[in-house]
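My notes follow in the order I made them.

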Amino acid sequence: MEFEIFLKGFIIAISLIVAIGAQNAYILKLGLLRQHVSKAVLFCVLSDIFLISLGVLGLGYFIKGEQLFINSIAIFGIVFLCFYAFTSFKSALNNQSMKIDDEIKTNPLKQVLTLLFVFTYLNPHTYLDTILLIGGIGANIESFYKIYFILGCATASTLWFVTLGYGARVLIPLFKKPLTWKILDISIGVLMLYIAYSLKDLIVL
């Protein structure tokens, strides 16, 4: 029974986490640049465990009814994602982030964690996936078995972000080409605009 609950948590979490989003795109870019990968991965995994645990313990039912909170997060998320999309397009035009070597300028850890914080905690889709969807399913599991569900989700999150962050290095030879970086920056910009557009559906006036 314990393993079945663990596996259920793993499958549900991995099916939602792997969906490409702002957080995943940023982790991929950090992995390619080999910048603060361990700390970034740890931040994402701990954030997932924290938010999923809150949902499993019942917080999802509270947030579901707080439309003002959801509206505020959605509006901020739209503004930020549009701004980040602009910087991605600008980076593509300016030929930035073309080199991957030990001499490339490393972004400060504070800046990296700040961006991850915004992508994680100021993105309404994060709460929909972790607290409302995953947490809502886990909340209906018998109290004694909830820990196994959370462990399954935590294992899925850890496996995904470690693979994404460190697996990106396999692609480094490809990303030594300026054109590949341009494609990545433009793709990230388009993705940010798409996510920003989708957030409008969460706003209820």
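**Helix pairs**

I began with α1 and α8, whose crossing is right-handed. The model is a predicted one, so I treat every value here as computed. Helix α1 covers residues 2-17 and helix α8 covers residues 146-167. I read off an angle of about 40° for this pair, with the axes 7 Å apart. That angle makes α1 oblique to α8.

Next I looked up which residues touch. From α1 I noted Phe-6, Phe-10 and Ile-14, among others, and from α8 I noted residues including Phe-149, Leu-151 and Trp-160. Glu-2 and Lys-8 of α1 are also in this contact. I sorted the residues of the contact of α1 with α8 into 15 nonpolar, four polar and two charged.

I then turned to α2 and α10. Helix α2 spans residues 22-33 and helix α10 spans residues 178-199. Their axes come within 10 Å and cross at roughly 160°. Angles over 145 degrees count as roughly antiparallel, so α2 is roughly antiparallel to α10. I noted this crossing as left-handed.

On the α2 side, the contact includes Leu-28, Lys-29 and Leu-32; on the α10 side, it includes Trp-181, Asp-185 and Ile-188. The residues of this contact divide into eleven nonpolar, no polar and two charged.

**Helix α3**

How many residues does α3 have? I found 20, at positions 37-56. From first C-alpha to last, α3 reaches 28 Å, close to the 28 Å expected at 1.5 Å a residue. After α3 comes Gly-58, with a positive phi near 110°.

I also checked α3 against helix α7, residues 124-139. The two axes come within 7 Å and cross at roughly 50°. The pair is therefore oblique, and the crossing is right-handed. In α3, Asp-48, Leu-51, Ile-52, Gly-55 and Val-56 take part; their partners in α7 include Tyr-127, Ile-131 and Gly-135. I counted seven nonpolar, six polar and one charged in the contact of α3 with α7.

**Record check**

What does the chain do over residues 69-87? There I found 100% helix and 0% strand, with the end C-alpha atoms 27 Å apart. Over residues 108-127 I found 85% helix and 0% strand, and the end C-alpha atoms are 27 Å apart.

Technical notes: Residues numbered from 1 in each chain as written. Predicted model: local features only at pLDDT ≥ 70, side-chain atom pairs only at ≥ 80, totals over all residues. Heavy atoms only, no water. Axes fitted to C-alpha atoms, helices over the stretch in contact; angles between N-to-C directions. Helix = DSSP H or I, 4+ residues; strand = E, 2+ residues; numbered from the N terminus. Parallel < 35°, antiparallel > 145°, perpendicular 65-115°, else oblique. Left-handed = near helix turned anticlockwise from the far one by under 90°. Contact = heavy atoms within 4.5 Å. Nonpolar A, V, L, I, M, F, W, Y, C, P; charged D, E, K, R; others polar. Expected span 1.5 Å × (residues − 1).
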